[in-house]
Amino acid sequence: MLGILQLLYRLPWLLLISAAALVVIGTLALYSASEGAWSPWAERQMLRAAIGTMLLIVVAMMPTPWLHRLSYWGLAVAVLILIALPFVGTGTGATRWIELGPFNFQPSEPAKLAVIIGLARYLSGQTPEQVQSLISYLPVMLMLGVPFGLVLIQPDLGTSFMLLMGGLAVVFAAGVPRRFLVTGALAAAAAAPILWSQLYDYQKARIMTFLNPEADVLGAGYQITQSKIALGSGGLFGKGFLQGSQSQLNYLPEKQTDFVFTMIGEEFGFVGNLTVLLIYFAILASVALTGLRCQHRFGRLVCMGISFMLFLYIFVNVGMVTGLLPVVGAPLPLISYGGTAMLTVFLALGVVVNIALHTKMQDSDFY
Amino acid sequence: MKKRKEQKELSTIMTRRMLMLGAGQGVLGALLVGRLYQLQIAQSEGYRRLSDNNQFDRRLVLAPRGRILDRKGRLLAGNSEVFELRMLPSRISNHQAWLKRVSRLITLKPENIETILEKIAEQPKFLEVTVKSNLTQRELSRLAVLSPVLEGASFQKSYKRIYPQGWMTAHVTGYVSPVNKRDIDGEPDLRYLPETRIGRTGIEHNMEPDLRGLFGFERVEVNARGKPVRVLRDQQANPGEDAYLSLDAKAQFFATDRLRRGRWQAVPVQMPEVQEALLKNKELRAHVSMGDDLVLKDEKGRLIPPESGSVVVMDIETGEIKVMVSTPSFDPNLFSNRLSVRDWQRMNEHPRTPLLNRAISGLYPPGSTFKMVVLAAALEAGVISQKTRIDCSGAFEFGGQNFHCWLERGHGLVNAEQSIERSCDVYFYQIALKTGINRIHDMARRLGLGDVSALGLISEKEGIIPNRDWKLEKRGVVWTPGETVVAGIGQGFVLTTPLQLALMTARIANGRSAITPSLVTQQSPERSPERRTEKRTEKSAVFPPLDVSPDIIRFLHKSMRKVMAGGLGTARKHDIEQGMAGKTGTVQVKRITKEQREKGIIDNIDRPWKERDHALFVAFAPYEKPRYAISVIVEHGGSGSSAAAPIARDIMDFMLKSDGISA
C-alpha cells in the first residue's frame, strides 16, 4: 500500500498530464483535419495513443539497470534495421519506411532515441580522465556517425540532422572539453560545401526555396505561403473549430501531419498555438528537471538527450510551418498523425518516467 | 580523494552544460513565440485578406446535367438555366436580419428562412448557402440594384432539371433531388456544390455518373502581398453525357392514356358532376392523383379513378423497351428543387402508390399467363404430348382438396392446344403435377422469370419462381404437391413483374435467343430504317440461345394464336388485323371460400376495389413475323379478357401502324 502511494507520489504528474492533453488536442485537430470526421485519422491516432500508453507503462516499470543494459542492444538493432532498410523498405523517391501489415514503420524515428540512450550509457561510464582524452571519443563518432550516415543516404536530410543534433547534445552535456568542441565546429564548417555538393536536387531546392519562398509558388514555397496565410488569418483567437477555411478548403497541404500546428493556429489563433507551446514547455521542463534531480550520470544524460530531442521536433516543426526553417518534414510530437513518431515519443517518455522513479540510484548501481 | 574531486567537478560541468542547453532552448522557444506574434497578431489583418482571397478565388463551375432523350430525340429530361442567390455566412454578422432584409425583395417563406438558418448552423461559415434558386427576372433586377450594399451576397448561374413530359415518363426517367447529407458523406466534394442534383430513381439514378458531368473550377494564386500571381488551375466544366433511350415517347403517351381509361368512359375532371363527387366521395378523392385530368364512369354509372397498372412493350429481336408505363404516376419536376413536405406526404401516403414503378417493382401472380411456361415444361419433360387430352369436369380433386376450374361447368375433353385457347385450369393442375415444380421452375427461369433484368434500375424486383430448395430455404418446410397444382395456373407462391412477363412473351416470340431487355441505346437517334433492321438482327445474334426446342416454340405460338383466333379463344374478340398471339390471365386477389362458392360468387364489379381480380394479358404480333411483345396489367381491373386484352390490342395496333405495318 505504502509502496503504491510512494510510487504515485514520485510519478512526474506534470509530464503525464501534459502528454495526455497533447494527445487530446491532437485527436481533435485530426478530427477537424478530416472535415469533422473520426476517420481516417482521429480514430487511428487514438488507437496508437492507447498502444503508446501501454508501451510507456511497460518501459516505466522496468528496473533502471535493464534500460542501461539494453541500451547498446537497442542501438545495435536500430543500426541493423537502418542497414537492412534499402532492401526491405518502401517509399517514393526515398526508402524510409518498412511496411508491417497495415502499418508503415519509419526506423529512423526510434533510431534517434536509441542513439541518445546508447551515447548516454557510454559517456556515463567514462572516468573524468577519459572524458578529457580524445581517444575515448572514437566510439562516440561511430555510435553517432553510422546511424547519421545511414539516415542521410536514405535520403532524409531533416531526420539525419535531428539525429545528429540530439546525439551532439548528449556529448555536449557529458562534458566534452571545450577544445574538442571548437575543433569539431570548424571541421563541420569546412565539410558543409562538400555535403552541399552531395545533396539531391530536391533537397537543394528546398533550402533555396526557404531562402526565397516567393520564387517557387507551386512547390514547397506554396506550402509555406499557405501555411503563413492560415496562421496569420487565425489572428488572436482563431476562426473557430472546423471553421478554418484554409485547412477545410484544402489550401493547406499535409494538414494532418507536418502542418497540423498551422491548422490549430487557424482555428484557435495565437492563443491556441501559445497554449500548445506552453504544454510543450511543461513537458520539456519536467524532463529537464528530472535530469537535474537525478543522481546518476546515465539518467541525467538520457533526460538531457530526450528533452533536446523533443525540443528539436517542436522547434523544427514550428519553425518550418511559420517559415523560419526549410520544409524538412518533422512531426509535431503527440499531435501530428504518424505512428512511428508517436510511439517513439511515448517510448522516450516511458524512459523519463522510469528515471524519475529512481533518481536516488548511483552510477555504481549499474555495474 | 583526487578522484572524488574530479568526479564532483565533472558533475558541475554537466549541470552547467545542461543549463546552457536549456537556456539555448529558451531563446529559440522565445523566437518561435515572437514569430507567432508577428504572424498572428502584428500582420494578421493582411493574412486574413489573403485567406479571404483564397476562398473567393476558388470558384466551382457547375456542369449542366446530360439530357435524357427518347429514340427519336424527343426530350424527356433537360435543363433550364436559372439564377440563384447565395450568401456567405462568414461575411454577414446577423444572418437572420440579412435574410429578413432580402425577403422584402424576393419571395422567401418563413420556413425557408428557418431551413437556411439551420443549414448555416450546421456547416462551416466559409461555405456559401443557397438562399433561393430559380429567381424570377423581377427578383433578379431588384436584387441587382441592391447588391452593392448587400454584403455577402452573390449570384450564380445554375441549372434546373426539367421533365417536359412530366408524369408520362416519370418512372422511366426517375427524378433528381438536391444533395443531402448522406451524399456528402460518400462524396465530400459535393459540399462545395450545393446546387448539384443527384439522380434518385430510374435512368437518372442508373446513369448518374455519365449524366452528372464534371464540375470545373478556377483558382487564382496570390502572393504574400495579395497580388494575383497566376491562375493555378482553370478547368472547364465538362457537361454530362446525354442518354438516349429506346423508349418511344409517342407510344408511351398512347399506352399511358389507353391504360388509364381502361374499358370505361372518361369524364373530364372539370365537369360539375365530377367536382361534386370529388367533394362528397372521400375514397374517390383519395384515389385520384395529383394532376389527374380525368376520372372514369363504370358500367354502373359510378365515378371511379383512372385505372392503375402497367404496360411494357419490348422489341422481340433486340430486347429494347419501347413502352414502359406505370400508373398512377407523379410529377418528377416537383423533386428537382426541394420537395415540399406536403407534396411528399401526398405521394408517399397515396393509396395507389404513384411512386412505385409497377413495371419493374410491382409483383403480381402471373395467373394463366404462366400456362405457356407450364405447357413448355411438360412437353419438354415428355410427360404429355401435343395430343394429350384431359377431361375437365370443372374441378380437380387432389389430396382431399378441390381445385376449381374458372369455368364452373368444366371444359370437357381438352387437348393441349385447347388448354391454352380456353385457359382450362384443370388441364394445368394435372400436367403441373406430372411435370413437377423443379422442371417448371427451370423453364420459367429460361424464359426470363424470377430474376432481375440487365436494366440495372434501382428497386427492380426479382419476383418469385419457387422450387423445392427455395421453399425449404425461405420457409423452412418441404414443398407439397398441392403447391405444384396451384403453381400450374401461376398462383400460390409465383410472383412476377410486368417487365418479366413482357420478357417471357418476347422470348417465346423470338424462340431462338434468350434476349435481354434494354432501355439505353448507345447510338444517337435512329437514322435510316434499313440500318435499323440490319441492327436488329445483328443484335439478336449476340444473345445466348434460348435452348427450347423449336417444336415446342411453334406449338406455343399456335396455341397462343388460338386464344385470339380460335372459336372459343378467351380473347377472340380482341385480335388485330396484323394478327396477334396472346394469353389472358385473371388473378384472384382474395381467396374464394367454400361458403362463398356455394352461395354464388359475387360479381367482380360489386366487390371493393382492393378485392377485385387483377386483369393480365400478354401477347406478341404480328403473328407471322413477330416484332413486339407486350404485357398489360390492370390492377383490380377484372378479367384478363375483358379488361386487359383490349388495351393490349389497341396499343399493339398503334405500335405496328406507327411502323407502317398493316395486314
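Contact means heavy atoms within 4.5 Å. This is a predicted model, in which local features need pLDDT of at least 70, side-chain atom pairs count only at pLDDT 80 or more, and totals for chains, interfaces and linings use all residues. Residues are numbered from 1 along each chain as its sequence is written.

**Exercise 1.** Determine how domain 1 and domain 2 of chain B are placed and how many residues of each are in contact.

*Solution.* Step 1: the domain bounds, which come from an automatic or database domain assignment, are 56–245 for domain 1 and 307–658 for domain 2 of chain B. Step 2: the centres of these two domains, taken over C-alpha atoms, are 45 Å apart. Step 3: at their interface, 30 residues of domain 1 of chain B are in contact with 30 residues of domain 2 of chain B.

**Exercise 2.** State the area buried between the two domains of chain B and the three residues of domain 1 that supply more than any other three.

*Solution.* Step 1: buried area is the accessible area (1.4 Å probe) that two parts lose on being put together, summed over both. Step 2: the two domains bury about 2600 Å² between them, with 58% of it on carbon and sulfur atoms. Step 3: Arg71(B), His171(B) and Tyr244(B) supply 31% of the area that domain 1 of chain B buries against domain 2 of chain B, more than any other three residues.

**Exercise 3.** Identify the salt bridge between the domains of chain B.

*Solution.* Step 1: a salt bridge requires a side-chain nitrogen of Lys or Arg within 4 Å of a carboxyl oxygen of Asp or Glu. Step 2: the count between domain 1 and domain 2 of chain B is 1. Step 3: Arg71(B) and Glu320(B) form a salt bridge through their side chains, at 3.7 Å from N to O.

Note on methods:
Chains are lettered from A and ligands numbered from 1 in the order in which they are written. Side-chain values use heavy atoms; hydrogens and water are left out.
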